[in-house]
Amino acid sequence: MQRTHLDWPFFEPRHRELAQRLGEWASAHLRDHGHDEVDTRCRLLVRQLGDAGWLRHAVAGRDHGGAADAIDTRAICLLRETLAWHHGLADFAFAMQGLGSGAISLHGTPAQRERYLPRVARGEAIAAFALSEPDAGSDVAAMACAARDDGDAYVLDGEKTWISNGGIADFYLLFARTGEAPGARGISAFIVDAGTPGFEIAERIEVIAPHPLARLRFAGCRVPKSQLLGAPGQGFKIAMQTLDIFRTSVAAAALGFARRALHEGLQRARSRTMFGQRLADFQLAQAKLAQMATTVDSAALLTYRAAWQRDQGLNVTCEAAMAKMAATEGAQQVIDAAVQLFGGEGVRSGQVVESLYREIRALRIYEGATEVQQLIIARELLKS
Ligand code: COS
């Protein structure tokens with residue numbers, strides 16, 4: 001994997017050392033457990049990432065198993081980029097541990113942090129983030145899933161869908177309407193343990209790049225008040241703050257996929273002969289490779305700019321949206337170009353570029369579709 005970007009001033013020595021160690025580990029350890037079903041593969045990967053210590057970077061607080069006291073966005077991005085380069089499902093497994101527990105790292109009480117974060121960091125508890133609903137995807141503030149105050153508990157009623165790790169998670173970071181005010185100001189965050197009575201998996205959802213995904217149903221599900229995360233009515237802001245970190249990391253994953261596609265495309269161009277010369281000797285192939293490399297570097301610059309900026313304690317809502325949009329859209333083009341360089345081989349099941357082609361598509365949709373990122377960027381521009 002090409003690593004010259006690690007010389008950029010966004011990084012500190014610990015980041016360079018992390019990327020180097022992780023690259024070596026991933027080359028040696030990440031195998032495709034292709035014959036097992038996806039739930040089993042995902043559980044194994046979470047365990048493997050936990051045993052090797054990588055999941056410590058997904059949580060904050062050294063006292064709770066974290067690698068550092070605050071979330072290190074650049075470390076998370078380097079982890080996602082490197083894992084995505086090697087193994088799409090390993091990246092997914094890492095990312096969901098972070099997304100599902102991120103709000104606990106940011107806003108959890110000492111008891112909540114103690115109960116969940118060490119197990120997430122060791123890979124012993126699988127986390128999930130439950131925000132979207134059948135009629136509230138891009139428009140989060142329109143959510144209908146309700147949490148009614150009832151003595152020492154909240155009672156949940158409603159549905160969540162497109163929930164990654166749905167069905168295998170040990171706990172869900174759930175957002176529900178508590179009604180302090182209309183819209184975004186009337187939503188709260190909860191930690192809901194799998195197996196809580198009244199909570200069931202309504203449907204498993206299959207997608208083009210398989211990973212655990214489900215629709216969840218809550219019917220009279222009682223959650224103790226101690227499971228409320230943050231103050232009542234703060235759920236929307238908690239969700240957005242979590243997404244500010246993890247949207248940047250989606251950009252990093254897209255970057256890993258794109259970098260891998262460029263690597264595969266270069267190898268193909270050097271080794272394939274046609275019309276009596278190498279594919280790499282054709283100017284049309286050279287133009288493709290040049291465009292791919294430029295798209296990769298542009299995405300990397302935006303991604304690590306956003307990550308660095310967040311680690312400086314600055315607002316990154318606009319920069320994270322720019323990074324996510326540019327990196328995911330760019331990666332789609334880079335991967336498509338790599339498939340084209342491979343010709344018929346590029347769409348053969350089992351080829352690296354074929355699996356990248358399937359892996360990248362969802363990243364342009366989840367954690368805020370490209371159109372949502374455009375909306376966020378334009379709003380921030382118009383504000384200033
Ligand atoms: N950090 C902190 N607070 C934020 C914030 C952020 N990044 N973004 C918004 N807020 C705050 C706003 O400041 C506002 O606060 P006040 O009520 O105090 O003024 C409040 O949250 C509501 O914000 P806004 O008016 O922007 O809400 P909208 O309903 O217009 O939100 C978008 C619109 C599209 C930005 C939001 O719904 C969104 O991000 N949608 C995509 C959701 C998504 O990513 N889904 C995928 C699920 S995870 S796979």
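Tutor: A residue counts as buried when its relative accessible area is under 20%. Please keep in mind that this is a predicted model.

Student: With that in mind, how many residues of strand β4 are buried?

Tutor: Seven of the seven residues in β4, which spans residues 171-177, are buried.

Student: Which residues sit on each side of β4?

Tutor: Phe171, Leu173, Phe175 and Arg177 lie on one side, while Tyr172, Leu174 and Ala176 lie on the other. Both faces are covered.

Student: Which way do β1 and β4 run, parallel or antiparallel?

Tutor: Strand β1, residues 127-130, runs parallel to β4, and four bridges join them. Opposite Phe171 of β4 stands Ala127.

Student: And how many bridges link β4 and β5?

Tutor: Seven bridges link β4 to β5 (residues 187-193), and this pairing is antiparallel. Leu173 has Ile191 in β5 as its bridge partner.

Student: Changing topic: which residues are closest to the ligand?

Tutor: The closest are Ser138, Arg185, Lys237, Arg247 and Arg379, out of 23 residues that surround the ligand.

Student: What lies 2.6 Å from an oxygen atom of the ligand?

Tutor: That is a polar side-chain atom of Arg379. In the side chain of Arg247, an N or O atom is 2.8 Å from a ligand oxygen. For Thr317, a polar side-chain atom is 3.4 Å from a ligand nitrogen.

Student: How much of the ligand's accessible area does the protein cover?

Tutor: The protein covers 72% of the 1000 Å² that the ligand has on its own.

Student: Which element gives the most to the shell?

Tutor: Helix α6 does, with seven residues. The shell comprises eleven nonpolar, six polar and six charged residues.

Technical notes. Residues numbered from 1 in each chain as written. Predicted model: local features only at pLDDT ≥ 70, side-chain atom pairs only at ≥ 80, totals over all residues. Heavy atoms only, no water. Near = heavy atom within 4 Å. Polar contact = N/O pair within 3.5 Å; in protein donor to acceptor, adjacent residues only side chain to side chain. Areas by Shrake-Rupley, 256 points an atom, 1.4 Å probe, with all protein chains shown as cover. Helix = DSSP H or I, 4+ residues; strand = E, 2+ residues; numbered from the N terminus. Nonpolar A, V, L, I, M, F, W, Y, C, P; charged D, E, K, R; others polar. Buried < 20%, exposed > 50% of the residue type's maximum accessible area, 1.4 Å probe, protein only. Pairing = 2+ DSSP bridges.
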